[in-house]
Amino acid sequence: MITLTLLGTDFEHQQWQFEDYISIKVGRASDNDVLLTDEQVSRYHVELSPNNPGSSDEEWKIQGLGTNGTLVNGKFITQGDVSHGDLIQLGLSGPMLKFEQTFQKPLPVSNIEVDVLRSPSLEDGSDSSVLCNHENNEPSNRFCIHCGEPLTRLGLERLGHYQVIQTLESQEREVSFLVRDIRQGGALCVLRRFWPEVYTQAHDRFEQEIQWLGALNHNGLARVVDSFCEEPYRYVVMEKISGLTLEERVLKEELNVSMAIKILLAICNSLRSLHCHNPPIIHRNLAPKNILIRSQEQSVVLINFGSLRASGLGLLTPPSVTVQSDLYRLGTVLIFMLTGRNPSQYFNVQRLSHHIEWTAVPQVPPSLHSIIERMTHPNLQHRYRTVEELISMLEDFQLKLS
């Protein structure tokens, strides 16, 4: 029997079971065996089929058909084998399915069955270790490619009550993981681990900003859902949002001026919630890769707050300056949306005078040029003072477009 379980916080918990199937089709079209309506999912995205139909311990193969790509355990595939416990992701940031295979006879590698969604050993907090003797696993694999069990050399990777699925990003003093919350029926989250020097330099400020971000309730801001310490590290857990980054969205399809302004106003609305906080919360890390567009309702969400990084802690800069730094970065985001290119090529930098001169982009209307120039002006006195002021200018420009 094959079981496919839909994972994630943006979807209801769903499961499909199949017996004696020649193939299992997954996609957005109504004639698929597993129907998923997410925007990342193609009409016919994935086909699963047994290598040796009728065998009691048959191996299964997967063929990726979707235009947005298919990942198995975090790696892009077009075709290959799929095993018990593998995680199949439809699109770069689309829904994730867990593949499970029930055999008529027990798996030979272990008499301990671990299911990261339902295992009592995980739910009661006890420490389980599963031995796996299968060969041909890569050193970087966390789970066996044959049976899906945790590998001996890594043990069962857990951080608090979160089961690690894969590493998303590793930086000098921070690592982020895709994890499953064992308490919440397998809900996916993003867990960020900070090295001690990140928060010990400005411990009170770090803790305050975690509390502030956790208290914010805005659809355009990624929520902090948990935080905890396991010496020597500090962990912050953010909600996992399904969708494309703005960078991926722009590189996939060119935006017109009207759509770019609509997205920019949505970002400004989120920034207003941050900047109006007392004291103001500054994102400090606005960039196309840190702006997400949700798969479901196409709303815009800010992620990866720079205030939770060492470079953003303990700064004694006046609030007006740091607010304007967010607006400056927002200007470069707008340039990227309109051109699809690195914004730096549109600035002339004279090193001796530290002067930054904006270079006009031909396809941008002159009235929008002036807005960009003011957002990115090297002299703070000539920039917009608040996000409210920028919103007013953008709305006036939007009215002239319509």
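This is a predicted model: local features need pLDDT of at least 70, side-chain atom pairs count only at pLDDT 80 or more; totals for chains, interfaces and linings use all residues.
In which strand does Gln14 lie? Gln14 belongs to strand 2, residues 14–18, where helices (H or I, at least four residues) and strands (E, at least two) are DSSP runs numbered from the N terminus. Residues are numbered from 1 along each chain as its sequence is written, and side-chain values use heavy atoms, with hydrogens and water left out.

Gln14 is partly exposed, with a relative accessible area of 32%; here buried means under 20% relative accessible area, exposed over 50%, and partly exposed in between, with a 1.4 Å probe and protein chains only. Leaving aside neighbours within four places in sequence, Gln14 is in contact (heavy atoms within 4.5 Å) with Leu4, Thr5 and Leu6. Of these, Leu4 is ten residues from Gln14 in sequence and 8.4 Å from it in space, C-alpha to C-alpha.

His45, in the loop between strand 4 (34–35) and strand 5 (46–50), is buried, with a relative accessible area of 0%. Not counting residues up to four places away in sequence, His45 touches several residues, among them Val26, Gln40, Gln63, Leu65, Thr70 and Leu90.

Let me now turn to helix 8. The buried residues of helix 8 are Val387, Leu390, Ile391, Leu394 and Phe397. They cover an arc of only 130 degrees around the axis, taken from the directions from the helix axis to the C-beta atoms, which puts them on the same side of helix 8. The face turned away from that buried side carries the exposed residues Leu399 and Lys400.

What about its partners? The axes of helix 5 (residues 257–275) and helix 8 come within 10 Å and cross at roughly 160 degrees, the axes being lines fitted to C-alpha atoms over the stretch in contact, with angles from 0 to 180 degrees between N-to-C directions. The contact includes Ile261, Leu265 and Cys268 of helix 5, and Leu390, Ile391 and Leu394 of helix 8.

Finally, the axes of helix 7 (residues 366–375) and helix 8 come within 10 Å and cross at roughly 170 degrees, so helix 7 is also roughly antiparallel to helix 8. Here the contact involves residues including Leu368 and Ile371 of helix 7, with Leu390, Met393 and Phe397 among those of helix 8.

Note on methods: Angles under 35 degrees count as roughly parallel, over 145 as roughly antiparallel, 65 to 115 as roughly perpendicular and the rest as oblique.
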